Amino acid sequence: MGEDGEEKHVKIGTSLTKEMQEELYLLLREFKDVFGWSYQDMPGLYPDIVQHKLPLKPECYLIKQKLRGMKPEMTLKIKEEVKKTI
């Protein structure tokens, strides 16, 4: 979806027919200037509106959860997806 060598990744659901996927892709390309891909694309957003905060009580302490393992093939898929977004 990007221009001039920059990549913009968009995921379109596989439940759509090929015709609907193509129409949606063309629609997204036509209106790509409407979407914000980063915070730099959205001037005027106030950080206090878009920031996520966890209201924690000061007397409570944080507990780190135990690391959960995944299937090796799932880990490979996740790494591939992360590489695509970078």
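How many buried residues are there among the 14 residues of H3? The model is a predicted one, in which local features need pLDDT of at least 70 and side-chain atom pairs count only at pLDDT 80 or more, whereas totals for chains, interfaces and linings use all residues. Residues are numbered from 1 along each chain as its sequence is written, and side-chain values use heavy atoms, with hydrogens and water left out.

The count of buried residues in H3 is 0, and this helix is hardly covered, where buried stands for under 20% relative accessible area, exposed for over 50% and partly exposed for values in between (1.4 Å probe, protein chains only). Helices are DSSP runs of H or I with at least four residues, numbered from the N terminus. Helix H3 comprises residues 72–85, and its end C-alpha atoms lie 21 Å apart, in agreement with the 20 Å that its 14 residues should span at 1.5 Å a residue; the expected span is 1.5 Å times one less than the number of residues.

Gln21, a residue of helix H1 (residues 18–30), is buried, with a relative accessible area of 19%. When residues up to four places away in sequence are not counted, Gln21 touches Ile12, Gly13, Thr14 and Leu16, contact being defined as heavy atoms within 4.5 Å.

Phe35, by contrast, is partly exposed because its relative accessible area is 41%, and Phe35 is located in the loop between H1 and helix H2 (47–50). Along the chain, Phe35 and Lys53 are 18 residues apart, and their C-alpha atoms are separated by 24 Å.

How values were computed. Helices (H or I, at least four residues) and strands (E, at least two) are DSSP runs, numbered from the N terminus.
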